[in-house]
Structures are given as C-alpha cells and as structure tokens.
Amino acid sequence: MLNKHYLKEMEASILYLDASNKAHNLGYNGCAKYFLEMSKEESHHARKVVKFINKRGRILEQPEIKFTIEGEELADIFSNIMDLEIEVMANLVALSKTSIDSGDEAAESFLDEMIKEQIDGVDEATINYKKCLIAKENGDLLGFDEYIKQLA
Ligand SMILES: [Fe+2]
C-alpha cells in the first residue's frame, strides 16, 4: 500500500512540471516558476516515502502514472492541480486507515505527518484555483500570475 504512494508523489511532481510548461507557453511566467517549485516539493515527498520504505526493508511497487496535466487554459490547469492534491490526500487517508487497521503504528505516525502537510497542499491549491477564477472573471490573469510568482 504505502510502497505505491511514492509513485503518486512522483506523478504529482511530473504533473507540476507539465503544468509549468503549459503555463509558460500561455505567457504566465510567475505560474510557471511556482509550478516548478511545487514539482521539487513533490519529488521531495516521493523521496521521503522511499526513505521510509527503505528503512523497513520493503520493495517498491510500480503502478502506472500520468505524465500530462489536462487543460488548455490557466484556470483548467489550476483546477486539475487542485484535483490532484485532493487525490493525493485521499490516497494518504486510505493508507492511514489501512495502517491503523493493521496495527502498523510506524506507518501511521509517518502518514500523520504527511497528511498534516497535505492539508496545507490542498488548501493552497484550492485558494489558488479560486483566485485564478476571480482573476479570469476580472480580466486580471497577469496580476494573478504576479501573485503566484511570489509564492514560488
Ligand atoms: Fe506531495
């Protein structure tokens, strides 16, 4: 179970890279920079999971992963990023439940920490998406791009 989660984090890292490329092509350099930073953070999460798996002497599993984020417009990209973060959260919560059910306290406490961090991730992605929608409606996506840039 947990040994599949590292690839979920790698998938998030790859999707953030793709989002960065798309945002750059749309002319939003601030968002491109922010997505690059987020990609780094996600690969850091993946390494954290693998380190934990290594300590426990387990073998990594290789499930399928996605390589592209869907969406042509900036708001679609942010919407898909929000869904991605929610999906990662659901994965962590399911893993936590399994570790509790199986009495695996080490995994439970490791996942608790990851869930705490993921709450912030979901919150940030949700706020960004909402701000993007507001900016789109106000015709101020370049202002939004500047805002996102300072989060990077
Ligand atoms: Fe993550």
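Author: What follows is a set of questions about the helices, each answered by setting a value against a definition.
This is a predicted model, in which local features need pLDDT of at least 70 and side-chain atom pairs count only at pLDDT 80 or more, while totals for chains, interfaces and linings use all residues. Residues are numbered from 1 along each chain as its sequence is written.

Reader: How do you know that the length of helix H4 agrees with its number of residues?
Author: Helices here are DSSP runs of H or I with at least four residues, strands are runs of E with at least two, and both are numbered from the N terminus. The expected span of a helix is 1.5 Å times one less than its number of residues. For the 33 residues of H4 (residues 105-137) this gives 48 Å, and because the end C-alpha atoms are 48 Å apart, the two values agree. Just after H4, Gly-139 has a positive phi of about 65°.

Reader: What does the same test say about H2?
Author: The 27 residues of H2 should span 39 Å, and since the end C-alpha atoms of H2 are 40 Å apart, this counts as agreement. Just after H2, Gly-57 takes a positive phi of about 65°.

Reader: Why is Ala-46 called partly exposed?
Author: A residue is buried if 20 or more other C-beta atoms lie within 10 Å of its own, exposed if 12 or fewer, and partly exposed in between, with C-beta atoms placed from the backbone. Ala-46, which is found in helix H2, has 18 C-beta neighbours inside 10 Å and therefore counts as partly exposed. Two residues are in contact if their C-beta atoms lie within 7 Å, and, leaving aside neighbours within four places in sequence, Ala-46 is in contact with Tyr-6, Glu-9, Met-10 and Ser-13.

Reader: Why is Asn-91 called partly exposed?
Author: Asn-91, found in helix H3, has 18 C-beta neighbours inside 10 Å, so Asn-91 counts as partly exposed. Leaving aside neighbours within four places in sequence, Asn-91 is in contact with His-5 and Lys-8.

Reader: Which residues of H4 are buried, and what do they pack against?
Author: Among them are Phe-110, Leu-111, Met-114 and Tyr-129, and the buried residues of H4 pack against helix H1 (2-26), H2 (29-55), H3 (74-101) and H5 (141-149).

Reader: What makes H3 and H4 roughly antiparallel?
Author: Axes are lines fitted to C-alpha atoms, for helices over the stretch in contact, and angles run from 0 to 180 degrees between N-to-C directions. Angles under 35 degrees count as roughly parallel, over 145 as roughly antiparallel, 65 to 115 as roughly perpendicular and the rest as oblique. The axes of H3 and H4 come within 8 Å and cross at roughly 160°, and H3 and H4 are therefore roughly antiparallel.
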